[in-house]
Amino acid sequence: MIKYRPKQFMITSYHGQLPITKNIVLIIQFDTVNNTWIPSSLSEIVYVQYCKNSINTILSKSRTICNFLNYINKQILIAESQEFLNLKERGLYGINLIHASKYLTYLNNFECNSYKTVHGKERTLLEFYDYLINKGLLDKSVYLNHYQSNKTVNGISIKVDIIESPFNTPPFSVIYPMRNKKNTKKTLKNLNQAEWELLLELAENEYPEIVLGIAFQIMGGLRCGEIVNLLISSKIGRAHV
């Protein structure tokens, strides 16, 4: 089975004689049977829509898109909903707004996402749909309305383009969480040894470049920022104290 995932890489490019290292994110298609992956052409949206965003924002938005596509693939597989049956033949080209509507409702009913979380993911999906529409990949009946709004940035008023949500009225109505609803999904606070060993094994197979940092976080309680700024020399120095 193919699953979509965001994958982070560190690359080095050269401007003149100076090497510049930076993180990039690709959307990949992961084959769970053969344990192999290939880059997805959908990675283009990362650079078209989010090239000016931070790496964490790009990862978050990429993850939302991947989870949506995986949800669609799962619905096609279980074949319980009529709206998803035509996607077995048409694939990405057959995606309609009803599929996003059902996914957002699913986030409320089954994933117990909060109101703020669902609306954040909705904005990302609208950007995803807008990208597909502009690329001519969706049916002509799929469209989104835009409007201009004023936004103040550093004391200066500028006009920004807003995508109007189609999910407030039929036939694409979404059942949103209540505004004051908290995330009721149970969160595991402490990992047992077998569980964190499994997590490290997964990281070693999928993200070997960061597995040491994950080990530091699990065993040392270090935050992400502390690991990013950690130097090898600081650890060697402490070992001789």
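In the predicted model, S62 is buried, with a relative accessible area of 1%. S62 belongs to helix 2, which runs over residues 55–78. The C-alpha atoms of S62 and P6 lie 5.8 Å apart, although 56 residues separate the two in sequence.

Helix 5 covers residues 97–109. From its first C-alpha to its last, this helix of 13 residues reaches 19 Å, close to the 18 Å expected at 1.5 Å a residue. Most of helix 5 is covered, ten of its 13 residues being buried.

Eleven aromatic pairs were counted. F9 is part of strand 1 (residues 2–15) and W37 is part of strand 3 (residues 36–39), so the pair ties together parts that lie 28 residues apart in sequence. F9 is partly exposed, at a relative accessible area of 22%, and W37 is likewise partly exposed, at 33%. F128 and Y129 form an edge-to-face pair, with 6.5 Å from centre to centre and 85° between the planes. F128 has a relative accessibility of 0% and counts as buried; Y129 is also buried, with a relative accessible area of 1%. Both F128 and Y129 belong to a cluster linked by ring pairs, which also takes in F68, Y71, F84, Y103, Y106 and F110. A contact between a charge and a ring is found at F30, where the charged end of R5 sits over the ring, 4.0 Å from its centre.

The second largest pocket holds about 720 Å³ of space. Its lining consists of 19 residues, and R123, E127, D161, I162 and I163 are those that lie nearest the centre of the pocket. At least two lining residues come from each of helix 6 (115–134), strand 4 (146–153) and strand 5 (156–163). Helix 6 gives the most to the lining, with six residues. Sorted by class, the lining comprises eight charged, six nonpolar and five polar residues.

Several backbone features occur in loops. P170 and P171 are joined by a cis peptide bond with omega of about 5°. P171 is placed in the loop between strand 5 and helix 7, the latter spanning residues 193–206. Positive phi values in residues other than glycine are found at A79, where phi is near 50°, and at C112, where phi is near 55°. A79 lies in the loop between helix 2 and helix 3 (82–85), and with 43% relative accessibility A79 counts as partly exposed. C112 lies in the loop between helix 5 and helix 6.

Technical notes. Residues are numbered from 1 along each chain as its sequence is written. This is a predicted model: local features need pLDDT of at least 70, side-chain atom pairs count only at pLDDT 80 or more; totals for chains, interfaces and linings use all residues. Side-chain values use heavy atoms; hydrogens and water are left out. On a 1 Å grid over the protein atoms alone, a cavity is a set of points where a 1.4 Å probe fits but cannot get out, and a pocket is an open set with protein on both sides within 12 Å along at least five of seven lines; lining residues have an atom within 4 Å of a point. Grid points are joined across faces, edges and corners, and a volume is the space filled by probe spheres set on the points. Helices (H or I, at least four residues) and strands (E, at least two) are DSSP runs, numbered from the N terminus. Ala, Val, Leu, Ile, Met, Phe, Trp, Tyr, Cys and Pro count as nonpolar, Asp, Glu, Lys and Arg as charged, and the others, Gly among them, as polar. Rings of Phe, Tyr and Trp (its six-membered ring) pair if their centres lie within 6.5 Å; planes under 30 degrees apart count as stacked, over 60 as edge-to-face and the rest as tilted. Buried means under 20% relative accessible area, exposed over 50%, partly exposed in between (1.4 Å probe, protein chains only). A charge sits over a ring if NZ of Lys or CZ of Arg is within 6 Å of the ring centre and within 35 degrees of the ring normal. The expected span of a helix is 1.5 Å times one less than its number of residues.
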